There are 2 protein chains.
Amino acid sequence: MNPGTIRKSLESSGLRCTPQRFAVMAFLMERPGHPTAAEIFEAVNRADPRCSRATTYNNLRDLVQAGLVREVAVEGRAARFDVKGLRHHHFICDRCGCVEDMEWYDVPRPPRGSLGKRTLRQCEVIFRGLCAKCAVSGADSGVRSLRSSVEEHLHVQRRD
Amino acid sequence: MNPGTIRKSLESSGLRCTPQRFAVMAFLMERPGHPTAAEIFEAVNRADPRCSRATTYNNLRDLVQAGLVREVAVEGRAARFDVKGLRHHHFICDRCGCVEDMEWYDVPRPPRGSLGKRTLRQCEVIFRGLCAKCAVSGADSGVRSLRSSVEEHLHVQRRD
DNA sequence: ATATCACATTAGATTTAGTCTAGCCTGCTC
DNA sequence: GAGCAGGCTAGACTAAATCTAATGTGATAT
Ligand SMILES: [Mn+2]
Ligand SMILES: [Mn+2]
Ligand SMILES: [Zn+2]
Ligand SMILES: [Zn+2]
């Protein structure tokens, strides 16, 4: 990824291009696998120890606020981060918690009236299930299959 | 809510109906506002100090695994819990982080082929924006409006 | 050139949210 | 009533993230 591009995207969002902020952004761009804050800190700090933990977290916060980076919360696991390139949805694995990109498509807005006084900014879809790796290996362990076997036994329809 | 109903739903999911487990479930049913684990612990423990923190968390884990309760992760905040009654989606407030129920509707499945070897269990929609309270009070502060003003200034289209 | 100011960064302490441990209790079966 | 499994407890522990108080950096003003 061209350094000039990162520089420009930072500055056009009103953020100064400091070495630390640049490094966080560059790492996110060259590693599109939704790393956690801890992973980002470790990698950036190893490459250049001039970026402390507090700075990594501060910069992630700033990048999210500026709309350049997305934070993805995952149940029971550390948050993951994602440079906002092309629009996309997310698939989250029930077993390993990994986050994967899914092709984007338009989501129908909520039915008229159900919104009340709320202000809608975004509709996103989250797909859940087993990632390719988890679906293949030992397809019969983990949360997902525990659930399945309970339901199978009870002939119950799960409601989400 | 009828105690018998709770009892039955626990047992038909293969969970024993202990006083502590019942209390957690009962609290979730009579307080449909997506409380955090800490709130649940505090309330249940106050009503009956025989339910410790570990037990509250263990029971929440068991209830989620059994499919009776849903856990909702929220960026930068504690997870929230939700009894699975009628199907519904969620609205999460950008500013205060509250989680609100939204009328359910069918979500189009991901386009054929984009799923690969993954196993799909669920598609859920998450709406984001400002809740009624936050939309009304001081509609011009907070993350949302910082973003908006940056974009307005730059004439930039946000991509999610 | 020097002062000033806002913003950025730092190491490490602190808080928050949740998990783990080791032992005890309770109800069921033999 | 011994044995056993599941459940419960207090409190220690851990992971993730935030806060604090001090320092650094670079732009502008004098
Ligand atoms: Mn992504
Ligand atoms: Mn809900
Ligand atoms: Zn997986
Ligand atoms: Zn709100």
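**Interface and manganese site**

Across the interface of chain A and chain B there are 16 residue pairs in polar contact, with both residues at pLDDT 80 or more. A polar contact is a pair of N or O atoms within 3.5 Å; within protein, one must be able to donate a hydrogen and the other to accept it, and residues adjacent in sequence count only if both atoms are side-chain atoms. The model is predicted: local features need pLDDT of at least 70, side-chain atom pairs count only at pLDDT 80 or more, and totals for chains, interfaces and linings use all residues. Residues are numbered from 1 along each chain as its sequence is written, chains are lettered from A and ligands numbered from 1 in the order in which they are written, and side-chain values use heavy atoms, with hydrogens and water left out.

Helices (H or I, at least four residues) and strands (E, at least two) are DSSP runs, numbered from the N terminus. E5(A) gives the largest share, twelve residues.

Now the totals. In contact (heavy atoms within 4.5 Å) are 55 residues of chain A and 54 residues of chain B. The buried area is about 5200 Å², and carbon and sulfur atoms give 54% of this. That area is the accessible area (1.4 Å probe) that two parts lose on being put together, summed over both.

Eleven bridges join E5(A) to strand E5 of chain B (residues 119-130), and the two run antiparallel. Strands pair if DSSP finds at least two bridges between them. Glu124(A) stands opposite Ile126(B) in E5(B).

Charged contacts come next. The interface holds six salt bridges, each a side-chain nitrogen of Lys or Arg within 4 Å of a carboxyl oxygen of Asp or Glu. One of them joins Asp94(B) to Arg121(A), with the closest N and O atoms 2.7 Å apart.

Turn to the metal. His34(B) (NE2), Asp82(B) (OD), His88(B) (NE2), His90(B) (NE2) and Asp101(B) (OD) coordinate the manganese ion (ligand 2) at 2.1 to 2.3 Å. Donors are N, O and S atoms within 2.8 Å of the metal (3.2 Å for Na, K and Ca); water is not among the atoms, so sites may look incomplete.

Finally, the hairpin. Four bridges join strand E3 of chain B (residues 89-93) to E4(B), running antiparallel. His89(B) has Met102(B) as its bridge partner in E4(B). Five residues lie between the strands, and in this hairpin Gly97(B) takes a positive phi near 80°.
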